[in-house]
Amino acid sequence: MFEIKFNSIKPLTGRILVAEPLLQDKYFHRTTVLLIEHNDEGSFGVILNKMLKGVQSDLFDALGIKLDIYFGGPVDPKSIFFIHRRPDIIRGGMNIGGSLYWGGNVNDFFDALEGGKLKENEYRFFMGYSGWGPGQLERELQENTWAVVIPPNLDQLLSIPPHDLWKRMIYHLGKDYLFWTFLPSDPQLN
């Protein structure tokens, strides 16, 4: 049997939670979660690497817009949230770190999109979010469910292809974690 070594980096806004490779949870298997907020009242974030295939929001349909939507997490799955890197044209967002923002004026977003001022790697939409009650994330970290990554360049997160994100974040954990990338997705098939 091998021992999984976990880091001691604290979960804070703008950090990434990397699911341990053998986590078989249907929502969080091999996910990377961007922490939007972490405090004594709990934590919330969005899963960055689970695109919803064939899902389109009623809002986007009504506006005649086709946008990729990601599964942000199992909490409030009918609500839509977004992150972006354009605070210069989308007002009112909450800074997560660098030039990455949570939410903002949705009308500014649609105006910028319609005006061709936004690139695909400057925003991402999510249905639902991932949430933890007071102390819950800390317990999951102690149980080695997650490792925490301080991304070297938060501004570039949206430029990494979603299917590469989990592995890329593991590389930032260091050489002691590289074996994670070689473990089978389903250990029963090994």
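Predicted model: local features only at pLDDT ≥ 70, side-chain atom pairs only at ≥ 80, totals over all residues.
**G73**

Is G73 buried or exposed? I get 0% relative accessibility for G73, and the cut-off for buried is under 20%, so G73 counts as buried. I then looked up where G73 sits: the loop between β5 (69-71) and β6 (75-84).

Next I asked what G73 is in contact with, leaving aside neighbours within four places in sequence. My list has I47, M127, G128, Y129 and S130.

**Strand β9**

I moved on to β9, residues 123-132. I count 8 of its 10 residues as buried, so I noted the strand as mostly covered. Which way do its partners run?

- I find β3 (residues 42-47) antiparallel to β9, joined by 3 bridges. In this pairing, S43 has W132 as its bridge partner in β9.
- I find β5 parallel to β9, also with 3 bridges. Here I69 is partnered by F125 in β9.
- I find β6 antiparallel to β9 over 6 bridges. I83 stands opposite R124 in β9.

**I83 and the cores**

Then I looked at the nonpolar cores. How many residues does the largest one have? I get 39, and I83 is among those with the most contacts inside it, along with L34, L48, W146 and L157. I also asked which element gives the largest share of this core: helix α4 (residues 162-173), with 5 residues. A second core of 10 residues is separate, and I noted I65, I90, F109 and L118 among its members. As background, nonpolar side chains tend to be buried together in soluble globular proteins.

**Whole chain**

Last, I took the overall numbers. I count 4 helices and 10 strands, in the order β-β-β-β-α-β-β-β-β-α-β-α-β-α along the sequence. Of the 190 residues in the chain, 46% are buried. The accessible surface comes to about 10,100 Å², and 50% of that belongs to carbon and sulfur atoms. For contacts with a separation of 6 or more, I get 63% from residues 24 or more positions apart.

Note on methods. Residues numbered from 1 in each chain as written. Heavy atoms only, no water. Core = buried A, V, L, I, M, F, W, Y, C linked by side-chain atoms within 4.5 Å. Buried < 20%, exposed > 50% of the residue type's maximum accessible area, 1.4 Å probe, protein only. Helix = DSSP H or I, 4+ residues; strand = E, 2+ residues; numbered from the N terminus. Contact = heavy atoms within 4.5 Å. Areas by Shrake-Rupley, 256 points an atom, 1.4 Å probe, with all protein chains shown as cover. Pairing = 2+ DSSP bridges.
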